[in-house]
Amino acid sequence: MELIWRGLVEAIQMIVRLDEDVLHITWVTIKVCTSSIVISTLMGVPAGMMLAFKSFRGRGALILLSHAGMGLPPVVAGLWVTMFLWRSGPLGDLQWLFTTHAIVIAQVLVSLPIVVSLSYAAFKKLDQGLLLQMKALAPTRLQTIRMYAVEARFGIMAAIMTGLGRVLAEVGAASMVGGNIRGDTRILTTAMVMEVSRGQFHVALALSFILMMLALTVTFMLLKVQQRRLV
């Protein structure tokens, strides 16, 4: 208990005095996770809507892949990103390996299937009678998409929040493709793993508090957006 208490006290002191390293790690985490979830949302929600309402060859295979991808181990995503961005790999000329770009790509790979699958489920649950009423109004394509998105907003927001939770908790792929470089690619989760391995539990606790506060703040903001649409 003494170890935990001392760790808590030191963690609070570190947060209160705005430790420079902690602030930088937090900023990199916010930047990387925001980029990842925005990209996954912009790609995943339209993809989920298309899979729910459009019939085309290969649709069943794509649905299967998106569902299976929800359980994709982060280290597998990290392995593929590493091979593609390696010097001799197909995208090696970009020189993105061990940069935040590589972390964003890896996090999109693990969060995109979640957003696609849960968005697809949200659109499939829409009441068929309501859809027929919408069609009777003869809306334009853009109006149709907007009405579908509004009706499925709860499921879509749940998809985004679940995807965000995945990227915030991700550590394996980020370590593999980012390298956990101090002042550059180190994020909260990779820093926590490193500090625990060094026995610096107070630093790991401080980072864990910040990560939890970050997750709670973003989730609260998304919930407020969801409720605002009800007005």
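Author: Residues 25–49 are 100% helix and 0% strand, and the end C-alpha atoms of this span lie 36 Å apart; helices (H or I, at least four residues) and strands (E, at least two) are DSSP runs, numbered from the N terminus. This is a predicted model, in which local features need pLDDT of at least 70 and side-chain atom pairs count only at pLDDT 80 or more, while totals for chains, interfaces and linings use all residues. Residues are numbered from 1 along each chain as its sequence is written, and side-chain values use heavy atoms, with hydrogens and water left out.

Reader: Why is Thr100 called buried?

Author: Buried means under 20% relative accessible area, exposed over 50% and partly exposed in between (1.4 Å probe, protein chains only); Thr100 has a relative accessible area of 18%, and is therefore buried. Thr100 belongs to helix α5, residues 100–124.

Reader: How do you know which residues are listed as "transmembrane region"?

Author: That comes from UniProt, where an unreviewed entry lists residues 25–49, 61–86, 98–123, 144–169 and 201–223; the positions are given in the numbering used here, feature names are shortened, and annotations may be inferred rather than shown by experiment. In the model, residues 201–223 are 100% helix and 0% strand, with the end C-alpha atoms 33 Å apart.
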